[in-house]
Amino acid sequence: MNICNREGDPCAEMAMVCLTDFEEYAKEHLSKATWDYYAAGADECCTRDDNLLAYKRIRLRPRILRDVSVSDTRTTVQGTEISFPVGIAPTAFHCLAWHEGEVATARATEALNTCYIASTYSTCSVEEIAAAAPNGYRWFQLYVYRDRKLSEQIVHRVEGLGYKALVLTVDVPYTGKRRNDIRNQFKLPPHLKVKNFDGVFQETGGPEEYGIPANTLDPSISWKDVYWLQSITRLPVIIKGILTKEDAELAVEHGVQGIIVSNHGGRQLDGGPASIDALSEIVETVQGRIEVYLDGGIRTGSDVLKALALGAKCVFIGRPAVWGLAYKGEEGVREVLQILNDEFRLSMALSGCRNVAEINRNLIQFSKL
């Protein structure tokens with residue numbers, strides 16, 4: 001992606017101005033199978049695409065003459081201050097995008113003083129991630145496995161390493177059908193593995209699904225497993241993958257500390273709502289009893305502003321972090337986060353908000369359908 005001027009001067013690197021610049025770079029430079037894996041949605045990708053389109057249906061109602069000479073983007077999540085309300089969502093296999101993988105992501109997030117949710121399916125171990133960014137604010141995303149001991153062991157590891165919350169992903173009793181992964185027969189290259197389970201699974205030669213033996217995930221997972229998880233840890237439990245007010249109410253009743261409104265980047269059930277469209281009913285139901293977060297479709301600072309105006313405490317980005325990695329590792333992820341921070345600050349000011357406390361539902365005008 002170099003652009004040369006006509007006088008034959010050395011090529012200048014193209015300026016990365018917005019998140020789609022990183023997307024284009026990643027698409028051009030990653031292998032087809034890797035790009036397809038990250039980009040995949042389930043089935044016809046309706047929900048994946050609607051995650052982005054939904055933001056464009058939401059209009060802002062800016063207030064003017066509000067003295068926005070000083071602005072403050074700081075907020076708190078689970079009582080910890082972060083520099084702005086955008087964290088890194090759990091995404092798998094960062095080493096496919098950049099050789100240092102999750103270690104680079106962790107350093108970038110630490111440098112910007114925000115929250116990194118490390119994925120179970122990391123190509124670096126939870127220990128390596130903690131060592132790379134010792135002062136970083138980190139949560140850990142987990143699944144419940146048929147062998148509960150596997151889940152239990154990893155919970156105790158992350159608790160001992162200073163991870164501050166557990167994010168239980170609840171929308172994967174089975175893996176969604178991602179057509180291009182099937183066509184490409186997607187597999188981790190031999191030099192990479194799901195590091196957190198290194199040596200746990202015997203080489204059976206049996207079918208694999210995304211780096212671990214097929215049928216490892218437990219489709220019988222239910223609300224009682226939330227109680228089970230709480231019984232083995234002192235960490236706050238946050239549930240990721242709720243899209244309805246009914247499940248939000250059940251989450252509160254089961255004593256969880258937070259909800260991430262998420263459709264798994266459109267990679268699980270196709271035909272469900274865009275996450276931003278599911279947010280309002282969940283916020284209304286929760287009524288401030290626990291914190292509500294969101295992931296899916298955040299590409300600009302004004303997307304962040306819209307999500308906060310509709311009641312999200314913080315948002316998380318998935319694919320854009322991977323694009324940043326593909327561009328320039330740690331530095332690329334830092335740039336992606338910095339661009340979102342700058343855009344969010346500008347959108348806030350242009351809407352008349354000096355700090356996140358001033359962002360509320362009055363900022364939103366739904367377009368007439």
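Me: Where does Arg 178 lie relative to strand E9 and helix H7?

Reply: Helices (H or I, at least four residues) and strands (E, at least two) are DSSP runs, numbered from the N terminus; in this predicted model, Arg 178 sits in the loop between strand E9 (166-169) and helix H7 (179-184). Residues are numbered from 1 along each chain as its sequence is written. Local features need pLDDT of at least 70, side-chain atom pairs count only at pLDDT 80 or more, and totals for chains, interfaces and linings use all residues, while side-chain values use heavy atoms, with hydrogens and water left out.

Me: Is Arg 178 buried or exposed?

Reply: Buried means under 20% relative accessible area, exposed over 50%, and partly exposed in between (1.4 Å probe, protein chains only); Arg 178 is buried because its relative accessible area is 6%.

Me: Which residues is Arg 178 in contact with, leaving aside its neighbours within four places in sequence?

Reply: Contact means heavy atoms within 4.5 Å, and with those neighbours left aside, Arg 178 is in contact with Ala 40, Gly 41, Tyr 210, His 264, Arg 267 and Gln 268.

Me: Where is Arg 267 found, and what lies 2.8 Å from a polar atom of its side chain?

Reply: Arg 267 belongs to the loop between strand E13 (258-261) and helix H10 (275-286), and a polar atom of its side chain lies 2.8 Å from the backbone oxygen of Tyr 37.

Technical notes. A polar contact is a pair of N or O atoms within 3.5 Å; within protein, one must be able to donate a hydrogen and the other to accept it, and residues adjacent in sequence count only if both atoms are side-chain atoms.
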